[in-house]
Amino acid sequence: MDIAIVGGGAAGLATAIFVARLMPVRSVVVLDGADKLGAKILMSGGGRCNVTNRVVTAADFRGGNPNVIKQVLAAFPVARTVAFFREIGVELCEEDNGKLFPKTNRALTVLEAMVGEAARLGVRILPRHRVTNMQRVASGFHIAAGATTLSAGNVVLATGGQSFPKTGSDGSGYRLAEELGHTLVPPTPALVPLVLDGDFHVPLSGISHHVELTVQAAGWKPVRVCGVLLWAHFGISGPAVLDLSRHWHRACLERCEVTVFANLVPGEDTASVEARLLAFASAQPRVQLHNALARLLPARVADALLGALAVSGTTLMAHLPRDVRRKVVKALVRWLLPVLDSRGYSHAETTAGGVPLAEVSPRSLGSRKCPGLYFAGEILDADGRIGGFNFQWAWASAWVAATALARAVKRDGPTAA
Ligand SMILES: Cc1cc2nc3c(=O)[nH]c(=O)nc-3n(C[C@H](O)[C@H](O)[C@H](O)COP(=O)(O)OP(=O)(O)OC[C@H]3O[C@@H](n4cnc5c(N)ncnc54)[C@H](O)[C@@H]3O)c2cc1C
């Protein structure tokens, strides 16, 4: 084969399509270890696939050098994503927070359109071909996938990260990259719910509300995330928690003591919340404390907080002692969330860490360690926040790798080494 793409998820399929369009006479094969391709596309966005976002910038990502991320995103902006999906018959429409979904509301539409386009272009797709070994040889690469061995002039590693390993993305691509000379930024789960100690959260299961979350560790700049928190039987989830989780994991990698606080009255601080409670007390002195707090946050959360502080919710605002009021205010704006762990890779939407961006050329995503090897998608050290950003990274990185391959093959022949 001229080009072998290892991994047939979002990034691998997109790379195959782009390469086959740019070089119609070349042979392209996609090798995937799973029985069926595109498990993550199908499960994404609650089965609706949040394909991209109206606005995507490097600030929506964490990981390696932001300039490299910026360069990759610029090569294939959101408008190109929308046009590409229109070309293959998938119209996108915008929802809250700029998220773009297929008009059909079905992730299957996205997967079928991509597989259909790859087939139309003559790409060979081989499921149940888990690549276990790759060797660099003079003519390119020898690839072992179970009982099958094949040779390819160039290889694209698009094996994803480690999240939801049952889908086939089990981190084996990292080992292949290491065997070909790469190092790894240590992977951790990202976009993952967090497990809490104790039982404060248990009766709140199912309640969601806006919060501001902060993760803090000694010698580390605190990271703040605003958005919706969803209480769950195991702890906390929801967009704000998912976005925060990568920072919690990264802080834990380096620091022993990491704390997470919630401001349950986002946008407010101690002084402004105290002023609001004083204003309640003077305007409605006979209102009970828990009813006053229920104007700031969900009533059940207010009750749980008062219970944890051992403060009676039925105290009239007029009778609330100053020290108790201050204790309540402090808890409202800085509530310690006793995070024990995250729910791990089996519940993570993506992986932080991976192949360092410093080890690839930003113009081509070609390896600086192994000529003829390219990368696309989640395997690289770039992880986006929730909202379609990770797929945009998959499409954009696929485009950069595909166009670079086309340039290299044109220049040097099938073995672009
Ligand atoms: C539940 C869930 C919901 C999500 N929702 C969204 C969303 O709505 N919007 C968004 O932007 N992102 C979402 N994401 C993240 C997004 O799905 C991923 O970032 C994206 O799929 C990464 O694409 P990829 O092609 O790099 O990797 P993957 O999609 O993980 O694909 C990698 C492929 O490589 C194959 N593979 C791995 N190792 C080997 C090997 N050794 N040999 C052969 N094949 C191999 C795997 O079988 C897999 O098919 C979600 C993720 C999850 C888990």
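**Exercise 1. Find how helix 1 (10-22) and helix 5 (residues 107-120) pack, in axis distance, angle and handedness.**

Solution. Start with the axes. Those of helix 1 and helix 5 come within 9 Å and cross at roughly 35°. Axes here are lines fitted to C-alpha atoms over the stretch in contact, and angles run from 0 to 180 degrees between N-to-C directions. Helices are DSSP runs of H or I with at least four residues, strands are E runs of at least two, and both are numbered from the N terminus.

Next, the handedness. Helix 1 passes helix 5 in a left-handed crossing. That is, the near helix is turned anticlockwise from the far one by less than a right angle.

Then list the residues. L13, A16 and I17 of helix 1 meet M114, V115, E117 and A118 of helix 5. Contact requires C-beta atoms, placed from the backbone, within 7 Å. By class, this contact holds 6 nonpolar residues, no polar ones and 1 charged. Ala, Val, Leu, Ile, Met, Phe, Trp, Tyr, Cys and Pro count as nonpolar, Asp, Glu, Lys and Arg as charged, and the others, Gly among them, as polar.

A note on the model. It is predicted: local features need pLDDT of at least 70, side-chain atom pairs count only at pLDDT 80 or more, and totals for chains, interfaces and linings use all residues. Residues are numbered from 1 along each chain as its sequence is written.

**Exercise 2. Describe the shell around the ligand by residues and by class.**

Solution. Count first. 38 residues surround the ligand, and the closest are G7, G9, G160, G168 and G377. The test is a C-beta atom, placed from the backbone, within 6 Å.

Sort by class. The shell has 14 nonpolar, 19 polar and 5 charged residues.

Now assign helices. Helix 1, helix 2 (39-43), helix 6 (172-179) and helix 12 (389-412) each supply at least two shell residues. Helix 12 gives the largest share, 4 residues.

**Exercise 3. Work out how domain 1 and domain 2 meet.**

Solution. Domain 1 covers 3-189 + 349-412, and domain 2 covers 193-343. These bounds come from an automatic or database domain assignment. The domain centres, taken over C-alpha atoms, are 39 Å apart.

Look at the contact. 9 residues of domain 1 touch 9 residues of domain 2. On the domain 1 side, strand 12 (residues 185-190) gives the most, with 3 residues.

**Exercise 4. Trace the pairing of strand 17 (residues 258-263).**

Solution. Take strand 14 (residues 208-217). It runs antiparallel to strand 17, with 6 bridges. A217 pairs with V258. Pairing needs at least two DSSP bridges.

Then take strand 18 (residues 335-337). Here 3 bridges join it to strand 17, again antiparallel. V260 has L337 as its bridge partner.

Notes: Contact = placed C-beta atoms within 7 Å.
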